[in-house]
Amino acid sequence: MPLRITRIPKPSIKKDAALQIGVTASSIAKELSALAMFPPITASVTVVLLIFDTLKSIEDNKENCVNLAHRCAQVLLDLHEMMQGRWHNAPPARLRNLDRYTDTLKSINAFMTAQANHKWAKRFLRRATIEGSIDAFNNRLNEATQMFQIAMLIDIGHHILPHSKEVHAETKKVEQSTTPLDEEQLPAYASRQVSFSDQAGECTELMHKEELQEPSKDDSTTQVIHISGDSSTLYSEPVQESEDDLVSVGVLEDHGFRRYHPSEVRLTGRSKVKSGWWADTALADVGGQASLVKYYEGNSKNEALRKWLRDVKTLQNMFHPNLPHMTGYSDEASPTPFILLSDARTNAPDKLVNHILKTEGVAACLSLLGKYYTDIADAATYVQRQLSLTDSQVQDFVEKTDFRVNSSKTIVMGLPSPNEGSTVSWRNYGISHTLSQTTRSMLPGNGTVQTKLEHYQDEKSGQDPLRVAHLVSLAKGLLSVAKSSSLPLIAGLLEDDESNDFDDFDEGPKINMKRLREICTQAGVHNFYWTEMSSIPPHKFAVGDYGFVPKKKHFAEFSKLGNIYTDGVANQPITANAQGSQFCWEDRPIQHVEIENFCLPGDVHCWPISVPRGAQIDCQIDHSERMNDVNEAWKILSNHAKLLAGKFSIAPEDLILITAAGKNQNFYIRDFGNQVLQTNKAPMHSGFRQPHSFMNMNHAAISIPTILYLITSPNSDHQPYWSHQPMHIPNAQRPNLKHGWVQNIGYCHGYVQWIQLLKEDFDG
């Protein structure tokens with residue numbers, strides 16, 4: 001049966017639609033013509049007019065493109081309304097944001113021009129890609145709007161901060177002069193509990209739900225002691241408030257913030273964050289702008305209102321890029337109080353770190369961590385100054401809050417819960433340690449350094465364990481406080497780099513891996529390594545060996561290529577070490593006691609062991625050789641990896657250097673034949689004359705321990721043995737132990753410590 005050919009007519013543009021676009025373009029051009037006289041915004045206006053001119057030639061996705069063009073123009077009109085009369089003294093940051101917005105407009109114009117020039121068949125095949133690009137441009141417009149809003153909030157803060165103390169004093173006078181109200185006289189939202197979700201169902205429409213990841217919890221091991229005392233809490237409001245204090249809601253100063261009715265807030269998504277300040281939040285659409293709404297619900301009728309009032313008063317007087325930016329809050333008619341935040345889409349910091357580690361590398365993550373540290377430190381200093389907190393209270397603030405990352409990769413601190421009662425915290429570390437630990441907690445595994453590479457394996461994240469190991473270990477060194485400074489190395493490094501601009505972080509890391517390693521090695525903090533103990537034969541490896549492990553093979557199948565000492569590459573000193581410990585299973589609690597040894601001729605070590613009668617003593621002996629300075633080992637590997645790997649045609653990042661090799665062996669000795677005599681009765685005497693009472697006492701046998709000697713050596717041709725004499729005769733027959741002694745020579749296990757570079761070290 002022959003195939004039937006069906007011709008599909010090419011869709012044509014309706015004349016009414018084209019006419020509507022023309023009318024819209026002319027009206028937009030009329031509104032934007034007034035903006036052309038201001039040089040900073042002239043380029044953006046020109047590009048928007050070109051976009052509307054290109055709309056006339058677009059046939060597919062016309063409605064989406066028209067909406068996108070309208071949003072481009074609306075952002076400029078809103079910006080002009082905010083900056084009207086102030087373009088001549090516009091801040092440099094505002095002009096930089098405007099230049100970035102102009103680049104976004106140029107990208108949109110280029111995209112629409114390409115769509116207008118493509119044929120219908122090509123547009124049909126690329127329909128999904130085109131729709132995805134339109135969504136991406138909408139997200140970029142959201143980010144641009146948010147940047148302009150944040151800059152405006154900061155300007156507002158600079159204007160009202162000088163008068164904040166006066167306003168606070170006046171508000172306090174009004175609160176004190178106001179008489180208490182009965183419960184019936186309180187506002188509606190204070191006298192009854194209404195669920196925000198129920199109110200939203202009546203006044204708003206739920207469009208879709210978006211899952212937000214819950215931030216990882218910080219498993220900090222540092223202990224902090226909290227003791228009751230006379231001290232101020234984190235906020236100026238008292239923790240225990242009466243209903244009289246709630247009257248301040250009615251006289252709460254707006255400070256330029258708008259109050260919203262619940263009907264003006266349309267929910268578009270729910271948050272999955274279950275704890276912390278960012279819980280009970282939802283995505284919302286407020287007047288066409290994406291926002292984050294935080295609502296307050298509590299067990300009692302006044303608990304939610306107290307939390308809301310505290311946060312509103314706090315955010316009204318604090319304006320910082322790394323603190324929540326409040327754009328408005330609920331009015332008196334809202335049954336459930338809420339606030340609106342400009343940071344609409346946020347995510348957990350560790351999620352962003354994992355993403356950047358997978359896509360950009362370790363250096364980009366470390367640059368991001370440096371940015372996080374400086375931002376958190378700057379925000380903490382700002383909070384301390386604004387709230388008049390002590391150093392200990394600032395540490396409480398940072399440690400008890402949680403963090404999120406907004407769409408511009410900026411870290412944002414939440415507000416911690418107030419202390420329940422007056423407490424004072426004592427710590428044995430300063431604020432720099434708190435900031436460093438807080439920043440490290442955003443790394444995989446809460447930034448805990450592991451000695452084995454397999455402990456970094458995480459199947460869920462899909463990250464390369466070696467990358468994670470380098471990131472965590474380098475972060476520990478770079479975030480450590482230098483001896484001659486109170487700042488960590490990463491902060492000092494970023495301050496020294498004058499070309500570093502965090503606003504352009506999306507362009508890539510400002511510091512490469514080579515520079516980071518140089519800084520760490522010079523500071524003496526690049527001394528990490530990894531240990532492999534599984535299935536390692538003793539005496540197979542020597543210090544200085546280099547080679548590689550075949551893909552998907554175990555470390556025991558290490559292929560040796562050479563040795564940096566025998567090849568003359570390095571002459572780093574090597575230290576031999578022997579250490580041992582002993583314990584007894586019958587002791588409670590079991591304690592491992594270090595054993596002292598002395599050397600015998602022929603590189604032999606003698607370990608004296610004290611064995612009580614009838615007891616068994618277990619020993620563990622370790623012989624190893626290692627490089628004196630692991631920092632120097634990293635330098636040697638960095639400088640010679642390419643040359644050594646090139647000789648054997650392998651990638652330099654596959655080259656492994658052995659920095660330490662050793663063996664570990666268990667032993668035990670038991671006095672099985674000599675049991676402790678419990679009692680020794682004296683003979684009985686007949687007659688009237690009896691000896692003194694002390695002559696008839698039961699005398700306990702005196703238990704004198706026996707000294708035995710364990711003879712070991714790090715050499716492979718030496719077999720360890722037990723002896724009654726502290727001497728060793730080479731090539732002689734091993735002596736036998738006396739009757740009643742049981743010995744055991746355990747299996748010998750080998751282990752190595754090694755280092756390896758990344759592919760990122762050799763890029764560029």
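Which strands does helix α10 lie across, and at about what angle to β6 is it running?

## Helix over sheet

Helix α10 (residues 303-316) lies across β5 (289-295), β6 (326-330) and β7 (338-341), running at about 150° to β6. Angles here run from 0 to 180 degrees between N-to-C directions, with axes fitted to C-alpha atoms, for helices over the stretch in contact. Helices (H or I, at least four residues) and strands (E, at least two) are DSSP runs, numbered from the N terminus.

A word on the model itself: it is predicted, so local features need pLDDT of at least 70 and side-chain atom pairs count only at pLDDT 80 or more, while totals for chains, interfaces and linings use all residues. Residues are numbered from 1 along each chain as its sequence is written, and side-chain values use heavy atoms, leaving out hydrogens and water.

## The six-stranded sheet

Follow the order β2-β6-β7-β5-β4-β3 and you have walked across an open sheet of six strands with mixed pairing; two strands pair if DSSP finds at least two bridges between them. The edges belong to β2 (258-260) and β3 (265-270), each with a single partner strand, so one side of each has no neighbour in the sheet. On average, neighbouring strands of this sheet are turned by 35° against each other, direction ignored.

For R270, the bridge partner in β4 is A282.

## α13 beside α14

Helix α13 (residues 391-400) and helix α14 (residues 431-440) cross at roughly 5°, and their axes come within 10 Å. The two helices are therefore roughly parallel to each other, a label for angles under 35 degrees. In this contact (heavy atoms within 4.5 Å), V394, Q395, V398 and E399 of α13 meet I431, T434, L435 and T438 of α14. These residues divide into four nonpolar, three polar and one charged.

Is α14 mostly covered or mostly exposed? Seven of its 10 residues are buried, that is, under 20% relative accessible area with a 1.4 Å probe, protein chains only. Among them are S432, T434, L435 and R440. The buried residues of α14 pack against α12 (362-387), α13, β8 (403-405) and α15.

## α11 against α15

Helix α11 (residues 349-359) packs on helix α15 (residues 465-478) at an angle of about 120°, with the axes 11 Å apart. The pair is therefore oblique. V353, L357 and K358 in α11 meet R467, V468 and L471 in α15. This contact divides into four nonpolar, no polar and two charged residues.

Terms used
Angles under 35 degrees count as roughly parallel, over 145 as roughly antiparallel, 65 to 115 as roughly perpendicular and the rest as oblique. Ala, Val, Leu, Ile, Met, Phe, Trp, Tyr, Cys and Pro count as nonpolar, Asp, Glu, Lys and Arg as charged, and the others, Gly among them, as polar. Buried means under 20% relative accessible area, exposed over 50%, partly exposed in between (1.4 Å probe, protein chains only).
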